[in-house]
Amino acid sequence: FVVGLVVISQAIRRHFVPPSLFGVFLCHHKGSAGSLCRLLKLLAAKHTKSQIFLDSDQLEDLDLIFDTIRGKTKSVAVVLTP
């Protein structure tokens, strides 16, 4: 009985909570790490099935970036450079 309840609750959860669109959100300083993050995105894309969002891919609407981080991304990677 308990296993059936768990299976049903997982199905309901999957129905109402949409999966993340992006596995990783890469955030960087545009002047010093833009090229590095672009390279990281290309290399990581070869080794994962998850989509990778680079913040410079969407510069038209900055509110969309915050919405993407908040609700459509599993992890945030901040690339810090000197």
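Q: What counts as a helix here?
A: A helix is a DSSP run of H or I with at least four residues, numbered from the N terminus. Keep in mind that this is a predicted model.

Q: OK. Where do R70 and D67 sit?
A: Both R70 and D67 are in helix α3, which covers residues 62–71. They are three residues apart there, so about one helical turn separates them.

Q: What do their side chains do?
A: The side chains of R70 and D67 form a salt bridge, at 2.3 Å from N to O. Side chains of opposite charge can pair when their charged atoms come close.

Q: How many salt bridges in total?
A: The count is one salt bridge.

Q: Is R70 buried or exposed?
A: R70 is exposed, with a relative accessible area of 63%. D67 has 35%, so D67 is partly exposed.

Q: Switching to the aromatics. How many pairs?
A: Two aromatic pairs are counted.

Q: How do F22 and F53 pair, and why is it called that?
A: Their ring centres are 5.0 Å apart and their planes stand at 65°, so the pair is edge-to-face. The cut-off for that label is over 60 degrees between planes.

Q: Which strands are those two in?
A: F22 is in strand β1 and F53 is in strand β2 (residues 51–54), so this pair ties together parts 31 residues apart in sequence. Both F22 and F53 are buried.

Q: And what about F25 and F53?
A: That aromatic pair is stacked, with 5.2 Å from centre to centre and 15° between the planes. F25 lies in strand β1 and F53 in strand β2, so the pair ties together parts 28 residues apart in sequence.

Q: Is F25 buried or exposed?
A: F25 is buried, at a relative accessible area of 1%. For F53 the value is 10%, and buried means under 20%, so F53 is buried too.

Q: Last one, L26. Where is it?
A: L26 is in strand β1, residues 22–28. With a relative accessible area of 6%, L26 is buried.

Q: Which residues does it touch?
A: Leaving out residues up to four places away in sequence, L26 touches C37, L40, K41, I52, F53, L54, D55 and A77.

Q: How far apart are L26 and L40?
A: L26 and L40 are 14 residues apart in sequence, and their C-alpha atoms are 8.8 Å apart in space.

Note on methods. Residues are numbered from 1 along each chain as its sequence is written. This is a predicted model: local features need pLDDT of at least 70, side-chain atom pairs count only at pLDDT 80 or more; totals for chains, interfaces and linings use all residues. Side-chain values use heavy atoms; hydrogens and water are left out. Buried means under 20% relative accessible area, exposed over 50%, partly exposed in between (1.4 Å probe, protein chains only). Contact means heavy atoms within 4.5 Å. Rings of Phe, Tyr and Trp (its six-membered ring) pair if their centres lie within 6.5 Å; planes under 30 degrees apart count as stacked, over 60 as edge-to-face and the rest as tilted. A salt bridge is a side-chain nitrogen of Lys or Arg within 4 Å of a carboxyl oxygen of Asp or Glu.
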